[in-house]
Amino acid sequence: MALTGMRGLSVFISDVRNCQNKEQERLRVDKELGNIRTRFKNEKALTHYKKKKYVWKMLYIYMLGYDVDFGHMEAVSLISAPKYPEKQVGYIVTSCLLTENHEFLRMVINTVRNDIIGRNETFQCLALTMVGNIGGKEFSESLATDVQKLLVSSSCRPLVRKKAALCLLRLYRKNPDVVNIDGWSDRMSQLLDERDLGVLTSVMSLFVALVSNNVEAYWNCLPKCVKILERLGRNQDVPQEYTYHGIPSPWIQVKTMRALQYFPTIEDPNTKRALFEVLQRILMGTDVVKNVNKNNAAHAILFEALALVVHLDAEKEMMSQCVALLGKFVAVREPNIRYLGLENMTRMLLVSDVQDIIKSHQAQIIISLKDPDISIRRRALDLLYGMCDVTNAKDIVEELLQYLNTADFAMREELALKAAILAEKFAPDLSWYVDVILQLIDKAGDFVSDDIWYRVVQFVTNNEDLQPYAATKAREYLEKPVLHETMVKVSAYLLGEYNHLLARRTGCTPKEIFIIINEKLPTVTTSTVAIVLSTYAKILMHNHPPDPELQEQIWSIFRKYESYIDVEIQQRAVEYIALCNKGAALVDVLAEMPKFPERQSALLKKAEVAEVDTAEQSAIRIRSQQQTSNALVVTDQRPTEGSLPVSQLGVVRMPSGKMEASTQDQTSFQDQGMTKENGVITEVVPQDVPPADLLGDLLGPLAINGSPATAVPVEQRNQNLLSVVEATPEAAGSLALTTVDNQPNSIQPIVNIAERFNELCLKDSGVLYEDLHIQIGIKAEWQAHHGHIVLFLGNKNTSPLVSVQALILPPTHLKMELSLVPETVPPRAQVQCPLEFVNLRASRDVAVLDFSYKFGTAMVYVKLRLPAVINKFLQPISVTAEEFFAQWKSLSGPPLKLQEVLRGVKPLSLPEMANLFTSLHLAVNPGIDTNPNNLIACTTFYSESTRATLCLIRVETDPSDRTQLRITIASGDPTLTFELKESIKEYLVNIPTQTSSAVVAPSQPQSPVTPVAYNDPGAMLAGLL
Amino acid sequence: MIRAVIVMNTQGKPRLLKFYEFQPPEKQHELTRSVFAVLSGRPDNVSNFVEADAIFGPGTRLVYKHLATLYFVFVFDSCENELAMLDLIQVLVETLDRCFKNVCELDIVFNFNKMHTILDEIIFGGQVLETSSERVLKAVEEISRLEKSSSSVSFVPKSVSGRFGR
């Protein structure tokens, strides 16, 4: 009897299990799929029961990882079956096999609705489960009201209502408007009175989702949450089935405390007192017990309580209590508790006044750095990184260096980067910093990114007293028989610059230095050869009194490389030989590198980017983001001798033609900033583009200050010699930003605004703008022709930002509504400003946000483009080859179908292009075009007047030349075709930076004069000569 | 939100896969393999937590339990509490244990349809639906009754499934 139902299924499963290898399994699966396919095709009158059996088999096959690309119809059709068993299978399998946009789902909306509003509870449950798992926007539109009714209905059983609550949550995610109705927050508040804890579990999840998006609407619910915690905490009215190992529903307690973390503060003193009582009880009353499960549950609550206490900025006493608890946890053996102890202690670092207590646990934390569990090691590393400051940097960094020897490969890169950052941020003295970096390179060269060694060179160049020390160290490392290539680069560079400082020491004559470096030359790659050649040229210059033998040796090497295959090397060799014949001019040309202008460390920037790349909504995350980025910015302003503030970058560099090409890729040069002077092209790089990297500085053939005198001897290469001079600090200060009334802006963005905008055109959340005081994040949702953007204005300071104003200049094709922007952003708070868009027609115009605020006496104005661009109103759609070609043929020729050959396209492989298209909401449909070098994509465009318009795109690429391609776009609307084509073109030609709009906040300097920076040594030299 | 529930054996064979954000089957398989690669490398007596950023994207975490020949894995984002997720795995396991009377891998293999039913009563669209295993069992029993009422679908007892198994 037991087997009569699904005997076929069981037999099939055991067949598959008995397969000896993957090949046999595939054969068995293929056979079964073939069988099912024929049954479905030929036996029209297949019983529901048989269908059910086959559909389960399909799901099993699907789980094994095989694609099941048929039978979806049969699965879906089971939903309409009258009897429970078939209907059940239909619902379960549909929610496993189909995506929310699957067209078949549309066909069953009515059946699903009937099940939901029908009287049969079991059918209601099935339907709600399916919608809750894969319901999309259409479901949201047609079912939300019915689901809401179930949720608040008094006649429904808890079994149904709890599912309705979570189903509504899904529908809300698909369309936030479903709860944008009058009185919803009151209803929510009533729901939180729910006595049945099963329903309350679901309701609380719904509440967390709602409150995380809009705290303001739910203040009335706050006391209810505290009541729930009180009820559960006192174990009042909690049925046995909802106590887990004696603890009243840990899940509800945890969720409720999570919800409370979305409220910035608690105003009402009574509520606050009640909550703190609850929290106090949790903190005091949790002991480590033997039963693992009980322990877990109790600590789940405890850790959530800790997070809430930190969020609420409780009094010092309670905070100390928390730290004391955490101190206990980081020392326990139970790995889960220790893991969470470390993690929560890291969060605790944001609280002032407790750092010292945390530091007292340093030894214990270092032990966890050697734990057998990588998860714990990672947490320990994060914590050590976070707790490091000037007082303990030496200990911690040395500990990290030591750990580097034994650390697993997966962690080494992170370790190296973190050690380098800490050494830079907190170095008690600079020679220690040099030691650390050199040790890092020596021990883990493969994991040390270029940024790290560029930075040490920068420091040494800028600090004269450090130079002899660094050179000595470099010389010492060269003694080692085996050396990492990066070490060769640093040593060669440093010794090239500063070998003369070592002249009187033993083993440090130019010749000896040359010989020891030259030993490494045969084993290094071209990028290192380039540096070594420059070093030789510099050694030659310091060769006093001239040693003809050394000179001949170096020359012979230059001559050898004169015909080298790599252009860069060849050019260097040729130029250095030519320079050598210039006699005295050599000394000028090869003079020591000038100081680098102070700039934000690429490393610190990297750390920052890693930490703020998402506009994640978790309350804790937001706090930590604000704090972390702030900390980095502040420490970055370490006053260095003759330094300029970070925000005012000025750099003189003279890269070769090759460097130029690479810089051009990364930065958007403004044409009007280019002038020709003295045969040297001087480019003014706009302020918003940070120097691409240090590569330009270090690997430029020579540190020549762009001056006529030095340019003369190297005239032969003037053609490809460009001096890139950034706007001087003064010029930048007055010209850097487009201001409403031409007032100077003293505050500069610390992110690349154009880049951020471009990134946000391709994704829906991230940082739009950031400066020292404010971070503006964006989270967007797009739905047909509607758009919903939330701007997160985060104040990074401990004092408020005032006179905050946001004006939107909407282009004609967008209808927009910005909710009220508060005039003040409180300290360390984040304000959300929702923004609604309606798309009226296709256009590439961009909406601009005119944003201003006042901090202290400084008024800051920025103009920010909002990423409400045409591709956001697209929805990808898959079509079959037949549908495609039918449309393709019917849309013949311009203006409906436009074709263009694009040249100068950023080279992308086809998968990369497909990825780009996917980010643009274009569905790539493989298999329609038989030529593998072509790409077909389809999408639908939504606007208020037209609703969905199908757009077809075909890209023909040339595998031998990826910089050109032909694109053809067709749609039923000529404007759309044109605008879409132009838009895609921009993405293809200008990735990643496009300069389509002129309203990037910090605009280019207005006059194309060659800037002369009198306090910048390099530029000053240039000016004098 | 819970992103995925994966039950697999210690050889990496999936026994139950449920992704709450759609993933095509190849991707599901790939993710399962990556999870297995991480878990199989972990010694005993370490924590039950693994950062899953590299596999499931930034901010994701993974909690697992290793019981007999099976791994029970929950993948979730920063909105969930790790230990609460670990407790929920325990609820799932306890429910299975009561449902199958000393659950073993074979039960799960041959009753994978039942597994889906049970899981759907505990997690709903990536959210915790029910935490009381009594209530889950009641709901599941009710469903079984309904299934039997028209045609019989009951789960395969171990003694019989043993015949098909290896």
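## Buried tyrosines in chain B

A residue counts as buried when its relative accessible area is under 20%, and in this predicted model both Tyr64(B) and Tyr71(B) are buried.

## Aromatic pairs

A pair of aromatic rings is described by the distance of the centres and the angle of the planes. Over all chains, the structure holds 22 aromatic pairs. Among them is the pair of Trp782(A) and Phe837(A), whose ring centres lie 6.0 Å apart and whose planes meet at 40°, so that this pair is tilted. The two residues belong to distant parts of the chain, since Trp782(A) sits in strand β8 of chain A and Phe837(A) in strand β12 of chain A, 55 residues apart; both Trp782(A) and Phe837(A) are buried.

In chain B, the rings of Tyr64(B) and Tyr71(B) have their centres 6.3 Å apart, and because their planes stand at 65°, where anything over 60 degrees counts as edge-to-face, the pair is edge-to-face. Elsewhere, ring pairs join Phe12(A), Trp56(A) and Tyr60(A) with Phe112(B) in a cluster.

## Charges over rings

Arg412(A) lies over the face of Phe409(A), at 4.6 Å from the ring centre, and Lys897(A) lies over the face of Trp888(A), at 4.2 Å from the ring centre.

## The five-stranded sheet of chain A

Strands β8 and β12, which carry Trp782(A) and Phe837(A), belong to an open sheet of 5 strands in chain A, ordered β7-β8-β9-β12-β11 with antiparallel pairing. The edges are formed by β7 (765-770) and β11 (814-818) of chain A, each of which pairs on one side only, and from one strand to the next the twist averages 25°. Packed on this sheet is helix α38 (residues 753-762) of chain A, which touches β7 and β8 (774-783) of chain A and whose direction makes about 160° with that of β7(A).

## The interface between chains A and B

The size of an interface is often given as the accessible area lost when the parts come together. Between them, chain A and chain B bury about 6900 Å², with 54% of this area on carbon and sulfur atoms. Arg17(A), Met63(A) and Trp251(A) supply 12% of the area that chain A buries against chain B, more than any other three residues. The contact takes 88 residues from chain A and 75 residues from chain B.

Methods: Residues are numbered from 1 along each chain as its sequence is written. Chains are lettered from A and ligands numbered from 1 in the order in which they are written. This is a predicted model: local features need pLDDT of at least 70, side-chain atom pairs count only at pLDDT 80 or more; totals for chains, interfaces and linings use all residues. Side-chain values use heavy atoms; hydrogens and water are left out. Two strands pair if DSSP finds at least two bridges between them. Helices (H or I, at least four residues) and strands (E, at least two) are DSSP runs, numbered from the N terminus. Axes are lines fitted to C-alpha atoms, for helices over the stretch in contact, and angles run from 0 to 180 degrees between N-to-C directions. Contact means heavy atoms within 4.5 Å. Rings of Phe, Tyr and Trp (its six-membered ring) pair if their centres lie within 6.5 Å; planes under 30 degrees apart count as stacked, over 60 as edge-to-face and the rest as tilted. Buried means under 20% relative accessible area, exposed over 50%, partly exposed in between (1.4 Å probe, protein chains only). A charge sits over a ring if NZ of Lys or CZ of Arg is within 6 Å of the ring centre and within 35 degrees of the ring normal. Buried area is the accessible area (1.4 Å probe) that two parts lose on being put together, summed over both.
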